[in-house]
Structure formats: C-alpha cells, structure tokens
Amino acid sequence: MLEITNLSKFYSERTIFKNLSLKIEPGEVLTIVGPSGIGKTTFLRIIAGLLPANSGSIKLDDELLDISGHRLNAKVGVIFQDFNLFPNYTVKENITLAPITVAKKTKREAEVEASQLLSDLGLSEQADLYPFQLSGGQKQRVAIARALAMHPGILAYDEPTSGLDEESTQRVATVISELKQKGVTQLVVTHDLAFAQTIADETLDFGHEVNLG
C-alpha cells in the first residue's frame with residue numbers, strides 16, 4: 001500500500017500543493033487528473049525521489065521513502081512521458097541494463113526475465129530493434145517493461161498516452177488493466193479524462209480535491 005501523509009511542496013512563495021494525503025491499496029489504479037501546470041507531474045516526481053518535498057511523508061509497504069530528492073526511490077518504477085529509452089541500446093538491452101548493473105543479476109537471468117516481459121507485452125518481435133524503429137505505443141510498452149524488470153512496489157506513469165493514437169492508447173489501457181489483474185499497484189498522471197475513467201479504481205482531481213495553497 002502507498003500511504004502519503006500531509007505532503008507539501010512549494011517554491012519560494014508559490015505553493016504547489018499543501019498537506020496532500022492519500023492511500024492507494026495494493027493492486028489499485030489511482031489516476032490523477034487536472035489541467036497542465038497544476039502540479040501533477042511534480043507530485044509524481046517527488047514520489048519517485050526525483051524532486052524534494054518540503055514536508056510530509058511517503059510510505060510504501062510500511063517502508064518510509066526518501067523525500068529529500070537526493071536519490072531515486074528504487075521501489076517506484078517510473079514511466080516518463082517521453083519514455084527516456086536509451087537510443088543506442090536495443091529494446092532488450094534497455095530492459096536488462098538496470099537489473100544487471102543495479103540489481104546485480106546475471107546477464108542470463110536478466111535476459112530471461114526481459115524475454116518474458118516482452119512476451120507479456122506483445123513485443124517479442126521488437127526485442128532486437130532500437131527505439132527509433134518503434135512506434136510511440138511500442139516505446140511506451142518498452143518503458144513499462146523496463147520499469148517492471150526492477151520489481152517495483154508501484155508503477156507511476158506520467159501522461160502515458162500523450163502523443164499516442166487511439167489504438168495505442170487503448171493498448172496502454174489494456175496493459176494497465178492486465179497489470180492490475182496481476183496485483184500491480186499503479187499511479188497514473190493524465191490529462192485524458194476518458195482514459196482515466198477507463199482504467200481507474202479511484203481518481204484524484206488535482207484542480208478540485210487538492211489544497212493548492
């Protein structure tokens with residue numbers, strides 16, 4: 001379970017959000033909606049350890065996460081809006097890099113798991129391709145596979161359907177639903193209300209339900 005208590009973020013005199021509290025149960029999909037520039041992505045990046053919070057706490061599976069912004073929270077798998085795939089690595093290499101270098105798995109172990117993830121996400125035929133050879137929807141699924149390879153406690157998506165066509169958007173929705181069935185907890189920042197309604201167990205409207213100061 002992800003439990004956030006009284007989380008606040010501000011820059012100088014500008015408050016981004018104040019005393020934000022919420023819980024996400026295991027296997028639940030929470031979508032965060034609201035207009036651009038309101039603080040949704042900032043919130044996600046704090047959970048991931050990419051930005052500091054000014055106060056509050058974040059607990060994942062009874063473990064307090066770092067909110068200093070000084071190090072990544074390894075238990076949070078982030079799927080970035082622009083995918084952040086390594087352009088000079090193949091699809092499979094993008095997925096195996098962190099398990100080998102960070103989790104210290106053998107190359108064989110990492111490749112076996114990567115092959116299974118690619119199969120699960122319908123990408124087996126793209127394993128040896130490079131990111132520039134993929135569609136936007138395929139890049140999104142590779143980014144999901146890369147995050148899953150580190151066995152995170154929660155997946156956090158930043159605008160996962162941005163720039164995708166209707167077919168690719170539906171495929172991402174299907175992947176999120178399938179992961180939910182497997183018990184994966186997911187946090188999805190999106191401006192697409194129809195997409196949010198399709199995948200969400202709960203929705204947090206950043207423009208109306210969060211204290212923005």
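1. First, the ground rules. This is a predicted model, where local features need pLDDT of at least 70, side-chain atom pairs count only at pLDDT 80 or more, and totals for chains, interfaces and linings use all residues. Residues are numbered from 1 along each chain as its sequence is written, and side-chain values use heavy atoms, with hydrogens and water left out.

2. Across the boundary, 13 residues of domain 1 are in contact with eleven residues of domain 2 (contact means heavy atoms within 4.5 Å).

3. Helices (H or I, at least four residues) and strands (E, at least two) are DSSP runs numbered from the N terminus, and two strands pair if DSSP finds at least two bridges between them.

4. Strand 4 is worth a look residue by residue. Strand 1 and strand 4 run antiparallel and are joined by five bridges, with glutamate 3 opposite lysine 59 in strand 4. Lysine 59 also has a bridge partner in strand 5, leucine 64. Strand 4 (residues 55-60) pairs with strand 5 over two bridges, again antiparallel, and here leucine 60 stands opposite glutamate 63. The two strands form a hairpin with two residues between them, and aspartate 61 in the turn has a positive phi of about 50°.

5. The other sheet is open too, with five strands in the order 6-7-8-3-9 and parallel pairing. Strand 6 and strand 9 (202-205) are the edge strands; each has a single partner strand, so one side of each is left without a neighbour in the sheet. From one strand to the next, the twist averages 20°. Strand 3 (residues 29-33) and strand 9 run parallel and share four bridges, and isoleucine 32 stands opposite leucine 204 in strand 9.

6. Helix 4 lies across strand 6 and strand 7, at about 170° to strand 6.

7. The largest pocket holds about 600 Å³ of space. On a 1 Å grid over the protein atoms alone, a pocket is an open set of points where a 1.4 Å probe fits, with protein on both sides within 12 Å along at least five of seven lines, and lining residues have an atom within 4 Å of a point. Of its 21 lining residues, Leu72, Val76, Val78, Ala98 and Met150 are the closest to the centre. Helix 1, strand 6 (76-79), helix 2 (91-101) and helix 4 (136-148) each give two or more residues to the lining. By class, this lining has 15 nonpolar residues (Ala, Val, Leu, Ile, Met, Phe, Trp, Tyr, Cys and Pro), two charged (Asp, Glu, Lys and Arg count here) and four polar (the others, Gly among them). Domain 1 and domain 2 each supply at least three residues to the lining of the largest pocket.

8. The second largest pocket has about 280 Å³ of space. It is lined by 22 residues, with Leu148, Leu179, Lys182, Gly183 and Val184 nearest its centre. Helix 3 (107-120), strand 7 (154-158) and helix 5 (166-181) each supply at least two of the lining residues, and helix 5 gives the most, with three. The lining divides into 14 nonpolar, four polar and four charged residues. The second largest pocket also draws at least three lining residues from each of domain 1 and domain 2.

How values were computed:
Points joined across faces, edges and corners; volume = space filled by probe spheres on them. Domains from an automatic or database assignment. Axes fitted to C-alpha atoms, helices over the stretch in contact; angles between N-to-C directions.
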